[in-house]
Amino acid sequence: ALIIRLQNFTLLPVDAHSMRQTDTESVAYYFANSDANPLHPQASLIRPQTNIHGYFFLEVPVYQYILSLFYRVFGSSFIIARIFNLVLFIVSFWLVYKVVQRVFSEKLSLWAVTIYSFIPSSMFFFGHAIHPDLFAITTTLGSMYLLSSKKRRLSHTVLATILMAISVGTRPFILMALPSLFVTLYIYKGKWWEYVMLAVGSVSVYGAWTRWQTLFPEADHSWQYWTLGGREVLYSYEGVKHLLWRNVSGEVVGRVATALTLFGIVFLAFKILMKAQFISRLWKKPNQLSYHVKLFLFCIPWLAAVPVYWWVAPAGNAAHQYYANVFVLPIIFLAAFGADSLTHFSKQKWLQMSMYGAICAALLYNGFRTSSYFYHDIVPAHYLEIAKDIESVIPVGNKIVYLAFNNSVPFSLAHRQGWMLGSGPTDVNSTANDVLNM
């Protein structure tokens, strides 16, 4: 898993979603080299036009701020960001193993980390891309890990709430995991105040951050809500097909993990129907529930929230694969159950081992082949030359209007602030008059 993530390791963040990567990295850069106040995140790309300080309120910048601390110690190098992401991946890998082991079953743990490591989006976004999604996933897993402790204390619940609040602040839609956290509390005999603390605390950071942004009207961030205008995608067959088949099943989860997930759902439904007595235990003896029922209660509410998520921001999901990262965990857990069920379909050891090897090989092949789409999506070489020119010609602290449409990568790589051409008032209209008026 680590070897695969070493692809493009020394390359500047100019592979897939280069604008998002350079936006994220530049926030860390300015924390380390300019205004270190975490309440004043700044990026190279200035949006809208009135946001002359380049404030970047798209997410609570905890990931960027931690990265900036390493920048201060070791220098502002993209390699530091790559190493930081690899460390986050290792931590999340361990947390996936421990959460599945604690909440469900130890025999699913190995399958879960295998699938987590090798689905296409994970190979790129979890451990390579300079992107806050892995940080949000890791903090969510950390919250689950603390809540699933048999010796849970007040400090565990408080820290779990803080981690979940940071995760929601980083990726607001990961709030759809909250019912699964409630299930974890239920399984481990949570008290009523723990549910209240988790529910209120999870939205506290995001709520405070949203309120804080209103103090900077010139940095109006409503431009980011372009994702809210595409719910009509759900009304067309082609739109839904693109969303499910190409985006989720193809580029995010991969065909192999999708098949394993479907197998897992079928096998899980069969197992639960075979154990009808689970309903009587549901309210009285949660510790006696089979791991099949726990898996059902944990994963299904999370996945049931996905259509609501698509209704709110379907265009973003269809266009950008990383928007689906907020619901990959339940898919991974169900795929792990599907893989385990398939390998134990026969009691013959040689057949089990053959199935195990075949599934692992298929996961690795599918994940590597599909994720190459991200690694090979590299911006043209002349962008790097332009970035060097901007860095040498434009003094530090000066701002530019970059005369290219919807492309901020060169001046973000040069760590210079500026505007790009696009549609006003978010970006600069591509006319001489609008450029000169800047």
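Reply: For charges, Lys and Arg count as positive and Asp and Glu as negative, while His and the chain ends are not counted. The place of a charge is NZ of Lys, CZ of Arg, CG of Asp or CD of Glu. On that basis, the chain has 32 positive and 20 negative charges, whose mean positions are 21 Å apart.

The model is predicted: local features need pLDDT of at least 70, side-chain atom pairs count only at pLDDT 80 or more, and totals for chains, interfaces and linings use all residues. Residues are numbered from 1 along each chain as its sequence is written, and side-chain values use heavy atoms, with hydrogens and water left out.

Helices are DSSP runs of H or I with at least four residues, strands are runs of E with at least two, and both are numbered from the N terminus. The chain holds 21 helices and three strands.

Ser-341 is buried because its relative accessible area is 16%, where buried means under 20%, exposed over 50% and partly exposed in between (1.4 Å probe, protein chains only). Of the 438 residues in the chain, 55% are buried. A polar atom of the Ser-341 side chain lies 2.8 Å from the backbone oxygen of Phe-337.

As for the whole chain, the C-alpha trace spans about 75 × 50 × 45 Å along its principal axes. Contacts (heavy atoms within 4.5 Å) were also counted: among those between residues at least 6 apart in sequence, 72% join residues at least 24 apart.

Terms used
Polar contact = N/O pair within 3.5 Å; in protein donor to acceptor, adjacent residues only side chain to side chain.
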